[in-house]
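Biologist: I have a complex I'd like to go through with you. Can you put it up?
Modeller: Here it is.

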Amino acid sequence: MSTNGNMNLTLKVWRQKNAQSEGSMVTYKADGISPDMSFLEMLDVVNEDLIHKGDDPIHFDHDCREGICGMCSLYINGQPHGPKRAITTCQLHMRSFKDGETITIEPWRAAAFPVVKDLAVDRSAFDRIQQAGGYVSVNTGGVPDANEIAIPKVIADEAFNSATCIGCGACVAACKNASAMLFVSAKISQFALLPQGQPERYSRAQAMVAQMDEEGFGSCTNTGACEAECPKEISLTNIGRMNNDYLSAKLFRQEDVNRG
Amino acid sequence: MILDAKIPAGPLAEKWSKHKFNLKLVNPANKRKYNVIVVGTGLAGASAAASLAELGYNVTAFCFQDSPRRAHSIAAQGGINAAKNYRNDGDSVYRLFYDTIKGGDYRAREGNVYRLAEVSVNIIDQCVAQGVPFAREYGGLLDNRSFGGSQVSRTFYARGQTGQQLLLGAYSALNRQIHEGKVKMYTRTEMLDVVVADGKAQGIITRNLITGAIETHAGHAVLLATGGYGNVFYLSTNAMASNVTAAWRAHKRGAFFANPCYTQIHPTCIPVSGDHQSKLTLMSESLRNDGRVWAPKTPELAQKLRKGELKVTDLKEEDRDYFLERKYPSFGNLVPRDVASRNAKEAVDEGKGVGGSGVAVFLDFAESIARLGEDTVRAKYGNLFDMYMQITDENPYKVPMRIYPAVHYTMGGLWVDYNLSTNVPGLYCLGEANFSDHGANRLGASALMQGLADGYFVIPYTLGDYLATIGPKAIDTNNPAFAQTKKDVTDRIEKLLALRGTKTVDEYHRELGHIMWEYCGMARTEDGLTKAKGLIASLKADFWKNAIVLGENEEFNSSLEKAGRVADFIELGALMVEDALQRKESCGGHFRVESQTEEGEALRDDDNFAYVAAWEYKGEDVPEVLNKEPLVYENVKLTQRSYK
Ligand SMILES: Cc1cc2nc3c(=O)[nH]c(=O)nc-3n(C[C@H](O)[C@H](O)[C@H](O)COP(=O)(O)OP(=O)(O)OC[C@H]3O[C@@H](n4cnc5c(N)ncnc54)[C@H](O)[C@@H]3O)c2cc1C
Ligand code: SF4
Ligand code: FES
């Protein structure tokens with residue numbers, strides 16, 4: 001591929017054939033990189049080179065390349081999604097790095113996110129947490145007119161802020177305990193704030209937290225690293241809200257919980 | 001062959017209600033005896049899988065991402081249309097129907113489009129009930145905005161991430177059914193073929209992307225909701241892995257491919273910055289509500305800007321040509337996408353392009369910022385402005401954005417009838433993967449509407465009719481078609497893995513993209529298309545000799561995944577060119593240079609081309625056969641579209 005850039009970089013990349021094998025860091029050169037390239041485009045260039053040489057390209061997850069699908073997940077120089085705040089790996093551009101720099105690239109590290117290959121991990125634990133209760137139990141059809149439910153704008157906006165989580169898992173990768181509290185609390189909060197979420201509010205919190213524990217995520221020690229690294233700036237206040245709901249769920253008798 | 005779309009008879013407004021009444025029902029106790037395969041869990045697939053499972057069917061669903069929440073639908077920004085008329089501004093089901101038919105340049109079916117407009121109102125209700133956080137006003141009720149091609153405000157939105165919020169709603173409904181045990185979900189699994197046994201679709205063959213395992217899944221019906229094929233152009237606003245393989249494999253098993261040449265080029269994307277570019281980023285069309293599109297008045301001024309001899313903010317008002325406002329006074333910057341895109345191309349072709357490459361025009365917010373204040377503009381478009389800044393390193397609050405059209409959406413797709421059934425019994429197609437509702441040009445905010453209409457409100461009714469007809473007898477996987485199809489899949493994988501040539505799959509993909517963009521992009525000619533035909537044929541031959549495909553099947557092998565997808569794109573590209581060649585008229589996104597009005601607008605030829613072109617596969621390297629479905633208009637009068 002013709003590149004017209006002038007940055008020359010050294011990459012140290014985690015390579016691991018599959019979940020069963022051991023991995024290790026491997027060093028690559030990335031030459032002629034343009035500052036206008038995205039970080040993933042820089043890896044594309046390296047991969048094209050590897051393929052030409054007959055070497056297995058570096059595997060990494062990505063899809064939308066515009067910061068919304070939550071698929072990209074690189075741990076760059078010790079930070080999930082790299083050095084810049086409030087963006088995903090795919091939104092990071094090479095102008096954030098210096099010519100001659102050495103860049104270390106690793107996968108998310110967490111027991112609940114086993115490596116699948118190289119830089120790609122298995123985040124299906126997040127899906128299972130959502131399946132445990134991350135929904136409002138309504139069937140298709142037979143619902144009231146959308147404007148029958150008026151929701152004060154401040155509440156709607158706050159629920160929205162929680163709903164912007166893209167499920168990337170950077171919060172888990174950032175946390176020394178590999179806790180998933182920020183992710184789980186964001187979903188619980190969205191529904192806890194909205195009127196539609198009230199009937200199942202407490203049973204939902206209980207079910208999702210139980211699944212989170214079962215998946216082997218660590219506990220929260222209020223360090224706040226998750227909030228600092230979250231590309232969508234999900235707030236720690238979600239965790240407080242979740243803890244309250246979870247405790248309330250425990251205080252109620254089970255039948256009350258089931259009835260809402 | 002003349003195709004029958006099975007549009008119910010009777011007045012437009014009664015067709016769907018009557019049809020629903022006439023469809024056969026499956027007895028509630030029998031529903032659990034049916035297994036339905038849903039490939040794709042974007043908006044269309046997730047909503048279908050969840051709704052069918054709620055009815056009691058057993059559903060097996062598939063996606064190639066690591067989670068259904070990451071389907072390409074997640075990237076939709078701007079909004080979703082619905083004829084709620086909450087603004088009291090004259091909207092109605094009929095008006096949404098009319099705008100959509102007209103926007104599609106009279107190449108869509110009346111019956112389908114009317115139904116779409118009719119169920120649009122239910123979609124919003126459904127999403128709100130699920131907890132989708134649409135934008136609200138201070139009074140607590142839902143907010144709306146207007147979108148291109150319409151003069152009413154009927155677009156519901158969720159900041160700049162309507163797609164994510166709608167998809168998370170459908171995903172939550174899907175999750176509930178997974179939890180209930182009614183949906184079995186396979187992620188990181190790619191469908192590689194459809195099993196057609198005794199003339200009916202009865203299963204699929206998949207590859208586990210992590211282990212390479214090739215598996216067979218049987219079902220009473222197969223639903224494809226696998227998205228669009230815009231990535232045939234290599235550069236597009238689609239997600240990197242969006243591809244045509246599922247639809248193309250179905251096509252090769254007998255499903256007709258309709259109107260493949262109808263592609264949509266979106267006017268407001270961030271221009272290409274260099275050869276390394278891997279995808280293009282859309283700036284939501286909603287920006288055209290407050291942004292003004294312009295180019296310098298003369299090529300000389302444009303050149304000065306490009307060379308940096310003149311600053312854009314210093315360019316005098318009289319030296320700016322707000323070409324959309326000038327040419328289309330009543331719609332102004334809100335003309336439909338095809339019109340806006342073509343006009344931007346025209347400006348660039350005349351030498352008035354801006355930016356480093358000269359392939360861009362301006363989208364300017366100075367006037368709105370002066371009128372509304374920076375805070376209001378930030379509240380409306382903040383995340384889009386941030387995205388722009390992130391990519392270009394320029395501040396659009398201070399200097400105008402640079403934009404240029406990019407491939408965005410594909411109106412063509414598998415041919416389906418009113419029931420969303422392809423011509424292969426038991427094989428259905430939903431969402432962007434089908435061709436049904438947008439004619440030759442899709443209006444903004446109507447793809448989300450169509451995907452969810454198909455999944456929540458159409459297929460749950462129409463599928464039952466087919467299932468009731470075939471009965472709940474278990475599928476016989478001993479039918480030789482299962483083993484044969486599986487063998488075809490493994491043979492093809494072996495053939496791909498044997499390719500140890502000199503060019504990477506991405507290089508082929510990029511080359512295909514260049515050919516498609518040059519000759520089958522915004523302006524198409526007989527000569528250009530004929531040339532493209534030859535180029536694609538040689539590209540295909542070269543691919544199967546010289547591509548490099550590394551590794552083996554039994555591993556997570558991105559090289560193999562891509563190779564299979566690009567091989568299919570090359571074949572699809574050839575069919576798109578064929579389709580563009582036969583359609584000698586211009587319509588919507590398909591602009592044949594030979595067919596334009598004196599003012600340079602797309603000139604339709606209704607006498608000869610008011611039909612759906614449905615292509616039939618006849619075998620490797622044999623020309624495909626064109627079947628026609630005549631389009632009949634009983635309610636709207638076909639006119640030259642005008643947005644003046
Ligand atoms: C950047 C962008 C912005 C947009 N904004 C808007 C907007 O504001 N309003 C609007 O109305 N429309 C918008 N659109 C269009 C709209 O988002 C899409 O048309 C729509 O979401 C498509 O939904 P879908 O369910 O048909 O397909 P997708 O969401 O693409 O889902 C496809 C699914 O199929 C799966 N799949 C595909 N092939 C296979 C296979 N072989 N095996 C297994 N699984 C497979 C994928 O994994 C995925 O789950 C936008 C599009 C883009 C690109
Ligand atoms: S909370 Fe933030 S970091 Fe965690 S998954 Fe959501 S978006 Fe990613
Ligand atoms: S690739 Fe989708 S968020 Fe980065």
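Biologist: Which backbone atom lies 2.8 Å from an oxygen atom of ligand 1, and in what residue?
Modeller: A backbone N or O atom of Gly78(B). Before we go on, this is a predicted model: local features need pLDDT of at least 70, side-chain atom pairs count only at pLDDT 80 or more, and totals for chains, interfaces and linings use all residues. Residues are numbered from 1 along each chain as its sequence is written, chains are lettered from A and ligands numbered from 1 in the order in which they are written, and side-chain values use heavy atoms, with hydrogens and water left out.

Biologist: What about Ser446(B) and Leu448(B), how far are their polar backbone atoms from an oxygen atom of ligand 1?
Modeller: For Ser446(B) the distance is 3.2 Å. For Leu448(B) it is 2.8 Å.

Biologist: How much of ligand 1 does the protein bury?
Modeller: Taken alone, ligand 1 exposes 1,000 Å², and the protein buries 98% of that. Accessible areas come from the Shrake-Rupley method with a 1.4 Å probe; for residues, only the protein chains shown count as cover.

Biologist: Where does ligand 1 lie?
Modeller: Between chains A and B.

Biologist: On to ligand 2. Which residues are the closest?
Modeller: Cys165(A), Cys168(A), Gly169(A), Cys171(A) and Cys230(A), out of 13 that surround ligand 2. By class, that shell has eleven nonpolar, two polar and no charged residues. Helix 4 (170-174) and helix 5 (181-193) of chain A each supply at least two of its residues.

Biologist: Now the interface. How much area do chain A and chain B bury between them?
Modeller: About 6,400 Å², 51% of it on carbon and sulfur atoms. Buried area is the accessible area (1.4 Å probe) that two parts lose on being put together, summed over both. The contact (heavy atoms within 4.5 Å) takes 73 residues from chain A and 75 residues from chain B.

Biologist: How many salt bridges are there over all chains?
Modeller: The structure holds 68. Asp393(B) lies in the loop between helix 12 (374-392) and strand 15 of chain B, and Arg95(A) in the loop between strand 4 (79-80) and strand 5 (102-106) of chain A, so the pair joins two chains. In their salt bridge, the closest N and O atoms are 3.7 Å apart. The rule is a side-chain nitrogen of Lys or Arg within 4 Å of a carboxyl oxygen of Asp or Glu.

Biologist: How many salt bridges cross the interface of chain A and chain B?
Modeller: Six.

Technical notes. A residue is near a molecule or strand if one of its heavy atoms lies within 4 Å of it. Helices (H or I, at least four residues) and strands (E, at least two) are DSSP runs, numbered from the N terminus. Ala, Val, Leu, Ile, Met, Phe, Trp, Tyr, Cys and Pro count as nonpolar, Asp, Glu, Lys and Arg as charged, and the others, Gly among them, as polar. A polar contact is a pair of N or O atoms within 3.5 Å; within protein, one must be able to donate a hydrogen and the other to accept it, and residues adjacent in sequence count only if both atoms are side-chain atoms.
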